Amino acid sequence: DPPVPPAPATGDFTPTTFVIRGDQAVGFYSTRNPATPVTFDICRFLMYPDMQRLLPASRTEARTWGCRRSDLECFAAAYGLSADLLDPKQWLKFQFLEITRRLTALKLRAANGAAPPRFNPERRLRRNARLVLEALV
């Protein structure tokens, strides 16, 4: 498999760092991370909707994509791509890395005395990590 090409990653590419007005979306960031695979930001962005919804992705979708397929399709379509072009196993590896990164960040925040987020997604993150790992093993 060819390596995933690196690109400047923001490290904070989430739905909460955008202002949308009309047909434009503007992101705001205070720092920029070094070049990393573009999947870093994409996986981070796609993890957030599932953590905020009333109901998470189905077990089948979580085991196949690590998120809702409709979210992935919508994201890909905005770039003129198709989710069908992705290798599901490779995509799941990226999603697993992002889920475990987020779980680690939450644990480190708590260990440093920071207040927990208003909505703590830890339970859903653990669920999705378990489902994705089951699919990868």
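Tutor: Let us begin with burial in helix H5 of this predicted model, where the buried residues are Glu122, Arg124, Leu125, Arg127, Asn128, Ala129, Leu131, Val132 and Ala135.

Student: What span should the 15 residues of H5 have at 1.5 Å a residue?

Tutor: The expected span of a helix is 1.5 Å times one less than its number of residues. For H5, residues 122–136, that gives 21 Å, and the end C-alpha atoms are 21 Å apart, so expectation and model agree.

Student: Is Leu131 buried or exposed, and which residues does Leu131 touch?

Tutor: A residue counts as buried when its relative accessible area is under 20%. Leu131, which is found in helix H5, has a relative accessible area of 0% and is therefore buried. Not counting residues up to four places away in sequence, Leu131 touches Arg59, Ala62 and Arg63. Leu131 and Phe96 are 35 residues apart in sequence, yet their C-alpha atoms are 9.5 Å apart in space.

Student: With which residues is Leu125 in contact, leaving aside its neighbours within four places in sequence?

Tutor: Leu125 is in contact with Met47, Met51, Ile99, Arg102, Leu103 and Leu106.

Student: Which residues of H4 are buried, and what follows H4?

Tutor: In H4 the buried residues are Trp91, Leu92, Phe94, Gln95, Glu98, Ile99, Arg102, Leu103 and Leu106. As for its length, the 24 residues of H4 should span 34 Å at 1.5 Å a residue, and because the end C-alpha atoms are 34 Å apart, the two values agree. H4 is followed by Gly113, whose phi is positive, near 85°.

Student: Why does Gln95 count as buried, and what does Gln95 touch?

Tutor: Gln95, whose place is in helix H4, counts as buried because its relative accessibility is 1%. Not counting residues up to four places away in sequence, Gln95 touches Cys43, Trp65, Gly66 and Cys67.

Student: Turning to the surface, which residues form a nonpolar patch there?

Tutor: The patch is formed by Tyr79, Leu81 and Leu85, which together have about 390 Å² of accessible area. Leu81 lies in the loop between helix H3 (69–78) and helix H4 (88–111), and since exposed means over 50%, its relative accessible area of 53% is why Leu81 counts as exposed.

Student: How many helices and strands does the chain have, and what pattern does the chain follow along the sequence?

Tutor: The secondary structure comes to 5 helices and 4 strands, and read along the sequence the pattern is β-β-β-β-α-α-α-α-α. Of the 137 residues in the chain, buried residues make up 35%. The chain exposes about 8700 Å², and carbon and sulfur atoms supply 60% of that area. Among contacts between residues at least 6 apart in sequence, 66% join residues at least 24 apart.

Methods. Residues are numbered from 1 along each chain as its sequence is written. This is a predicted model: local features need pLDDT of at least 70, side-chain atom pairs count only at pLDDT 80 or more; totals for chains, interfaces and linings use all residues. Side-chain values use heavy atoms; hydrogens and water are left out. Patches are made of residues with over 30% relative accessible area and no salt bridge: like charges are joined within 9 Å, nonpolar side chains (Val, Leu, Ile, Met, Phe, Trp, Tyr) within 5 Å. Accessible areas come from the Shrake-Rupley method with a 1.4 Å probe; for residues, only the protein chains shown count as cover. A salt bridge is a side-chain nitrogen of Lys or Arg within 4 Å of a carboxyl oxygen of Asp or Glu. Helices (H or I, at least four residues) and strands (E, at least two) are DSSP runs, numbered from the N terminus. Buried means under 20% relative accessible area, exposed over 50%, partly exposed in between (1.4 Å probe, protein chains only). Contact means heavy atoms within 4.5 Å.
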